[in-house]
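Visitor: Please pick a single part of this model and take me through it closely. I would like to see how it sits in the rest of the chain.

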Amino acid sequence: MTPFEPAQQQSHRQPAMVAFNRGELSKILNVYGFFVASGDWRDYAIDSLRDAAVFSIFRRTSEAPLYRIEKTPKLARKQGAYSIISMTGQILKRGHELEQVLRYFDRQKLKLAN
């Protein structure tokens, strides 16, 4: 393309943002609601970025997130699109299915029951 060609031929579309769909959000919020009811978690934030969607979970609003649940479609064929990341940045669980990844929190539910 030469610099003299019309501007409408240039395609500078930005890639679409990655977001959680309704079903994914429902599953995440079910887990979140359990821990809110137990008094462990108090706030959350949802970010839609170009390469990932992030659901951050906070103990208090002013702190860094305890956990980040991320959806990264680029990794879907490799390690899995979904992951849970700790406050320190350590990947705690990764997988292809959101339900399977969210089972990580079942252990914390058992600790709360005791």
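Guide: A residue is called exposed when its relative accessible area is over 50%, buried when that area is under 20%, and partly exposed in between. Arg 42 has a relative accessible area of 61%, so Arg 42 is exposed. Arg 42 belongs to the loop between H1 and strand S1 (43–48). Its C-alpha lies 7.9 Å from that of Ile 57, a residue 15 places away along the chain. That loop leads back to helix H1, the part to examine here.

Some context comes before the close look. The model is predicted. The protein has three helices and five strands. Read from the N terminus, the order of elements is α-β-β-β-β-β-α-α. Of its 114 residues, 31% count as buried.

Now the helix itself. H1 covers residues 22–37. Its 16 residues reach 22 Å from the first C-alpha to the last. That is close to the 22 Å expected at 1.5 Å a residue.

Take the two ends next. Asn 21 caps the N-terminal end of H1. A side-chain oxygen of Asn 21 lies 3.1 Å from the backbone nitrogen of Gly 23. At the other end, H1 is followed by Gly 39. The phi of Gly 39 is positive, near 90°.

Which residues of H1 are buried? They are Glu 24, Ile 28, Val 31, Tyr 32 and Phe 35. These five cover an arc of only 95° around the axis, so they sit on the same side of H1. The spacing fits a general rule. An α-helix has 3.6 residues a turn, so residues three or four places apart point the same way. Arg 22, Asn 30 and Ala 37 are on the other side of H1, and these residues are exposed.

Glu 24 counts as buried because its relative accessible area is 8%, under the 20% limit. The side chain of Glu 24 meets that of Lys 71 in a salt bridge, with 3.1 Å from N to O. This pair links distant parts of the chain. Glu 24 is in helix H1, whereas Lys 71 is in strand S3 (residues 67–71), 47 residues apart.

Buried or exposed: what is Lys 71? At 14% relative accessibility, Lys 71 counts as buried.

Lys 27 is partly exposed, with a relative accessible area of 34%. Glu 99 is also partly exposed, at 46%.

How many salt bridges does a search of the whole structure find? It finds three. One of them joins the side chains of Glu 70 and Arg 68, at 3.0 Å from N to O. Glu 70 is found in strand S3, the strand that also holds Lys 71. At 14% relative accessibility, Glu 70 counts as buried. Arg 68 has a relative accessible area of 26%, so Arg 68 is partly exposed.

Leu 29 forms a nonpolar patch on the surface with Tyr 44 and Ile 46. Together the three have about 250 Å² of accessible area.

Leu 29 contributes to the nonpolar surface patch.

Technical notes:
Residues are numbered from 1 along each chain as its sequence is written. This is a predicted model: local features need pLDDT of at least 70, side-chain atom pairs count only at pLDDT 80 or more; totals for chains, interfaces and linings use all residues. Side-chain values use heavy atoms; hydrogens and water are left out. Patches are made of residues with over 30% relative accessible area and no salt bridge: like charges are joined within 9 Å, nonpolar side chains (Val, Leu, Ile, Met, Phe, Trp, Tyr) within 5 Å. Accessible areas come from the Shrake-Rupley method with a 1.4 Å probe; for residues, only the protein chains shown count as cover. A salt bridge is a side-chain nitrogen of Lys or Arg within 4 Å of a carboxyl oxygen of Asp or Glu. Helices (H or I, at least four residues) and strands (E, at least two) are DSSP runs, numbered from the N terminus. The expected span of a helix is 1.5 Å times one less than its number of residues. Buried means under 20% relative accessible area, exposed over 50%, partly exposed in between (1.4 Å probe, protein chains only). The arc is that of the directions from the helix axis to the C-beta atoms. A polar contact is a pair of N or O atoms within 3.5 Å; within protein, one must be able to donate a hydrogen and the other to accept it, and residues adjacent in sequence count only if both atoms are side-chain atoms.
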